[in-house]
Amino acid sequence: MSLFATHANYWFAILIMMIGLYGIIAKRNLIKQAIALGIFQTGIFLFYVSMAVINGGTVPVWFLDEAGKKYAGPYDNPLPHCLMLTAIVVSVSVFAVAIAIIVNIKHAYGTIEEDEILNLEAEAAAGSEA
Amino acid sequence: MIDQAPVLLVVVPLLAGICCLFLRGQLLPWIWAQITTLAVLGIAIHLLFRVLNEGAVTYAMGNWPQEWGISYKIDAINIFVVLIVAFIGCVTTCYARQSIASEIPRDRHHQFYSMWLLALVGLLGITVTNDVFNIYVLLEVSSLTIYTLVAMGKTRDKRALTAAIRYVIIGSVGASFILVGIGYLLMVTGTLNLEDMARAIAALPEPERNRTVVVAFAFLFVGLSVKMALWPVHMWLPNAYGAAPSAVSALIAATATKVGIYMAVRFLFTVFGPDFTFLSLSTTVGQFTFSCSGILLTCACLGVLVTGIQAMQQRELKWILAYSSVGQIGYMVIGLALVNHAGLTGGIVHLLNHALIKGGLFMAAGCVVFRLGSQRLEDLAGLSKRMPITAAAILVGGLGLIGFPLTAGFISKWYLVSGAFEAGLWPVAAVLLTGSLFALIYVWRVVEVMYFTAPPENAVKVREAPLSMLICTWILVGGSVVLGVFAQPTVALAEHAANQALTGHAQILGLRPGASGDDPVVHDEVVP
Amino acid sequence: MKEQLVLRVVAKCLIPPILIFGCYIITHGELSPGGGFQGGIVLASAFILHALIHGRATLHQAFPRNLWATIATIGALIFAGVGTYSLLRGGQFLDYGWIVPSHPAKGEPWGMTLVEYGVGLTVCSVMVLIYDMISEPAEDDPTVDEDSA
């Protein structure tokens with residue numbers, strides 16, 4: 001029980017990552033695969049951000065006390081947060097590229113279901129050899 | 001300005017790629033891209049001489065100290081891959097003028113060349129950076145631009161779109177695995193700098209029993225295998241190389257997976273160290289011992305054999321070359337996994353040799369597609385009479401794939417086989433020679449159709465390919481022959497890189513004299 | 001969708017505060033949670049909300065597509081330009097100390113803010129471009145009437 005309680009953030013991060021991986025493998029619709037890729041990457045963001053927390057830590061910003069002087073208490077590690085900002089941008093860009101390609105596939109093949117596209121390609125290959 | 005060279009390698013194509021979006025038309029973006037790639041090649045050659053004379057070159061971004069900021073470091077292993085990427089980028093840009101003009105609509109050329117230059121930014125940046133997260137970011141930059149470049153082949157071949165979406169999904173999962181591995185390493189070591197990370201991992205008591213380090217290694221291993229197209233996770237490669245525009249195929253076949261193998265060398269040899277990776281990290285289940293070396297060798301050998309058989313069954317020229325690429329990557333990984341001097345030298349020199357051979361072959365295939373409009377083997381009948389120079393390029397490149405003496409392929413196979421015998425692994429040597437046999441079979445299929453089959457009466461009347469495309473093809477294919485005959489410079493550079501890989505980790509830890517990568521190449525004997 | 005009264009009125013009330021909030025997030029990126037990417041996305045959401053309700057044609061009337069592409073390029077050039085400026089002044093790439101040479105520490109806020117503005121411009125225009133291109137109806141689709149969406 002304590003293994004789950006003390007490491008709950010890692011359990012949830014892995015759970016979300018596995019849901020995303022399941023979606024990529026099992027779903028036939030290309031948009032669902034792209035969304036599942038986004039879910040997978042969201043699990044990774046959760047993993048990084050949760051590793052930044054320290055006991056008794058607060059946000060890494062300057063505070064002002066009554067005299068107007070700047071001070072900062074024990075703050076959480078801001079480095080993983082910065083890394084994940086970049087990773088979120090990367091995730092959005094990958095999703096945008098994937099959507100653009102899927103729109104083009106819809107124009108070219110008329111469908112975005114992976115099995116139908118594979119059938120169409122196999123027919124085209126068989127037709128060109130005949 | 002001259003000591004800003006490491007960052008100029010990345011900043012010049014970055015600025016040029018962004019500015020390329022303002023240029024309209026067909027010729028102007030190409031001229032801009034060609035000037036940029038020539039400048040990058042010049043910077044790379046300058047850095048080569050600096051590394052040969054002074055040892056490693058470091059550069060601190062933003063003038064931050066190395067532990068807190070991002071630094072770039074170019075040592076013997078880096079400079080080899082930087083030269084490959086810069087040279088291939090320059091030659092394929094020259095080739096791209098005519099090839100892309102026929103494959104991509106005119107109003108998209110500025111976007112195409114912008115993506116082209118940004119792909120070079122990503123590839124060069126991965127190779128020179130010393131910061132682990134910077135590797136991930138630039139990996140994604142190069143991957144995203146290459147996904148887009150592959151998808152732009154849709155005008156000629158609809159399969160480019162499905163190839164691109166498959167590449168997106170599989171490549172992103174691989175890169176995300178690398179990100180998870182980096183996250184675990186950050187937790188354990190608290191730093192993102194490659195050298196500090198190596199010191200921190202080595203300072204742990206018994207790192208092979210530390211579950212975080214082992215899990216980080218596992219995630220990184222799988223992610224890097226996807227990116228370098230090691231056998232079971234290579235499924236994105238055949239369609240992506242086969243359906244992409246010809247110049248894009250030539251560029252990515254010669255650079256993207258080589259940079260992936262460089263990343264694997266960096267992580268396995270410099271961050272984790274050869275002792276941890278190949279000696280300590282092994283588990284015994286019953287009678288079987290799983291070690292990193294064993295897994296790499298098994299995957300690579302199976303890759304050579306299985307993709308060799310698949311290449312023999314393909315009906316289209318670029319697909320034969322694509323499956324052959326996976327086999328050749330298997331050779332390079334075998335060289336890595338043998339962990340002795342000869343094997344590592346063979347693997348590293350094969351990076352350059354395969355880049356030249358495969359780049360040249362994909363360019364020749366592009367010449368065929370340019371004139372014939374088709375790459376199916378039946379349509380290549382009698383090509384030796386219709387397009388003699390292109391057919392000769394395919395023949396010479398094919399000889400390089402087989403490993404015929406006097407070609408560059410022979411040099412790398414020689415070192416790989418001697419490395420296999422030195423490690424006492426004669427089955428691996430048998431696999432290497434069987435791979436050459438398979439290469440002989442699928443090259444013979446193409447050569448037989450081109451040289452010994454008469455063209456049909458209703459064959460399309462074609463001239464030879466345009467001169468610029470032919471010259472670029474023969475620069476690469478001829479280069480592979482020249483490097484097969486005058487192999488000493490490249491082999492010496494590869495030996496220095498192999499030496500650096502095997503001893504670099506100990507140098508970082510201070511167990512050997514000299515800071516990492518600082519030995520200049522001027523002495524002749526190689527320290528084992 | 002512009003026949004729906006509630007949507008139209010709420011959008012009219014909300015779009016200006018969204019724009020201001022987006023600029024606020026970009027500008028405060030160095031001091032508090034925020035930054036170029038987040039602010040750029042919020043800015044873009046204001047334009048996309050307007051385009052969703054009043055139709056893509058109104059977006060094209062005010063901001064042609066080439067303008068967005070140019071703004072995206074200029075934003076990226078601002079970012080790379082800040083780094084190259086310190087290269088040209090003799091320092092390292094992205095060394096903010098050279099922006100105000102007499103007092104290197106004063107250059108840090110300038111450098112960070114310029115980079116955030118550049119990134120914000122690029123992200124906003126790229127997001128609007130992506131929305132614009134993806135919501136483009138196919139040429140032969142008879143069910144979509146662009147002008148009256």
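**Figure 1. A look at L279(B), which sits in helix α11 (residues 274-280) of chain B.** Helices here are DSSP runs of H or I with at least four residues, strands are runs of E with at least two, and both are numbered from the N terminus. This is a predicted model, in which local features need pLDDT of at least 70, side-chain atom pairs count only at pLDDT 80 or more, and totals for chains, interfaces and linings use all residues. Residues are numbered from 1 along each chain as its sequence is written, while chains are lettered from A and ligands numbered from 1 in the order in which they are written. Is L279(B) buried, partly exposed or exposed? L279(B) counts as partly exposed because it has 14 C-beta neighbours inside 10 Å. The cut-offs behind that label: buried means 20 or more other C-beta atoms within 10 Å of a residue's own, exposed means 12 or fewer, and partly exposed lies in between, with C-beta atoms placed from the backbone. E208(B) is 71 residues from L279(B) in sequence, yet their C-alpha atoms are 9.8 Å apart in space.

**Figure 2. Chain B as a whole, with 20 helices and four strands.** Chain B has a radius of gyration of 22 Å, close to the 24 Å from the globule rule for 528 residues, so chain B is as compact as a globular protein of that length. For this value, C-alpha atoms are used, and the globule rule is 2.2 Å times the number of residues to the power 0.38. A box of roughly 75 × 55 × 45 Å, taken along the principal axes, is filled by the C-alpha atoms of chain B. Of its 528 residues, 64% count as buried. A contact means that the C-beta atoms of two residues, placed from the backbone, lie within 7 Å.

**Figure 3. Chain A, built from five helices and two strands.** Read from the N terminus, the order of elements in chain A is α-α-α-β-β-α-α. Its radius of gyration is 23 Å, whereas a compact globule of 130 residues would have one near 14 Å. Along the principal axes, the C-alpha atoms of chain A fill a box of roughly 85 × 40 × 20 Å. Buried residues account for 22% of the 130 residues in chain A.

**Figure 4. Close-up of helix α4 (residues 79-109) of chain A.** How far apart are the end C-alpha atoms of this helix? They are 45 Å apart, which agrees with the 45 Å that 31 residues should span at 1.5 Å a residue; the expected span is 1.5 Å times one less than the number of residues. The buried residues of α4(A) include P80(A), L83(A), M84(A), V90(A) and I105(A). Their cover includes α3 (30-51) and α5 (114-129) of chain A, together with α5 (132-151) and α6 (159-189) of chain B. Just past the end of α4(A), G110(A) adopts a positive phi of about 85°.

**Figure 5. The packing of α3(A) with α4(A), at an angle of about 180° and with axes 10 Å apart.** That makes the two helices, α3(A) and α4(A), roughly antiparallel, a label for angles over 145 degrees. The axes are lines fitted to C-alpha atoms over the stretch in contact, and angles run from 0 to 180 degrees between N-to-C directions. By class, the contact of α3(A) with α4(A) has 19 nonpolar, four polar and no charged residues. Nonpolar covers Ala, Val, Leu, Ile, Met, Phe, Trp, Tyr, Cys and Pro; charged covers Asp, Glu, Lys and Arg; the others, Gly among them, are polar.

**Figure 6. Where chain B meets chain A, with 23 residues of chain B in contact with 25 residues of chain A.** On the side of chain B that touches chain A, the elements giving two or more residues are α5 and α6 of chain B. With 14 residues, α6(B) gives the most to that side.

**Figure 7. Where chain B meets chain C, a contact of twelve residues from chain B and 14 residues from chain C.** Helix α1 (residues 5-19) of chain B gives the most to the chain B side, with five residues. That side has nine nonpolar, three polar and no charged residues.

Definitions and conventions. Parallel < 35°, antiparallel > 145°, perpendicular 65-115°, else oblique.
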